[in-house]
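Student: I have a protein model open and want to learn how to read it. Where do we begin?

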Amino acid sequence: QVYLVESGGGVVQAGGSLRLSCAASGRTVSSSHSGYHMGWFRQAPGKEREFVAGIGWIGGTVSHADSVLGRFTISRDNAKNTVYLQMTSLKPEDTAIYYCAATLSTDWRIPQLKGSYDYWGQGTQVTVSS
């Protein structure tokens, strides 16, 4: 079992920045042939939960959705079992609940489908005012 707790959400004006954190606990240890891909998703009112960014357990491979490319950056600190999402140049359309997710994998490909992730945090609200 893996437990995920997000923090860092809040209210910010358009053009501003926020950094989200996701602290993982439980069975988070990687081996030589498997480890946890970590992802950030978001869900706006009335919309589907969508992939924002992901980071792999091998070599720091990352993936970002086109809508956030160049503005958001995902990173991880394995020593602290924490994943971060640095968000800059925020727009009102970035307003959503942001969720951290984890999935155990044996390959390098970072999944972008929410159904591929086994563990989820409770979410943190990000509101961007215009």
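This is a predicted model: local features need pLDDT of at least 70, side-chain atom pairs count only at pLDDT 80 or more; totals for chains, interfaces and linings use all residues.

**A hairpin and some salt bridges**

Tutor: Begin with a hairpin: strand 7 and strand 8 form one, with four residues between them. In its turn, N81 has a positive phi of about 50°. Strands here are DSSP runs (E, at least two residues), numbered from the N terminus.

Student: In which sense do strand 7 and strand 8 pair?

Tutor: Two strands pair if DSSP finds at least two bridges between them. Strand 7 (residues 72–77) and strand 8 pair in the antiparallel sense, over six bridges. Take R76: its bridge partner in strand 8 is V83.

Student: Where do side chains point in a strand?

Tutor: In a regular strand they alternate between the two faces of the sheet.

Student: How many salt bridges does the whole structure hold?

Tutor: A salt bridge is a side-chain nitrogen of Lys or Arg within 4 Å of a carboxyl oxygen of Asp or Glu. A search of the whole structure finds five.

Student: Which residues are linked in a network of salt bridges?

Tutor: R42, E50, R71 and D94. R42 meets E50 at 2.7 Å, N to O. R42 also meets D94, at 2.9 Å, N to O.

Student: R42, buried or exposed?

Tutor: Buried means under 20% relative accessible area, exposed over 50%, partly exposed in between (1.4 Å probe, protein chains only). R42 is buried at 6%. D94 is buried at 0%. E50 is partly exposed at 36%.

Student: What distance separates K114 and E48 in their salt bridge?

Tutor: The distance is 3.5 Å, N to O. K114 lies in the loop between strand 9 and strand 10 (119–120), E48 in the loop between strand 4 and strand 5 (50–55), so the pair ties together parts 66 residues apart in sequence. K114 is partly exposed at 38%, and E48 is exposed at 60%.

Note on methods
Residues are numbered from 1 along each chain as its sequence is written. Side-chain values use heavy atoms; hydrogens and water are left out.
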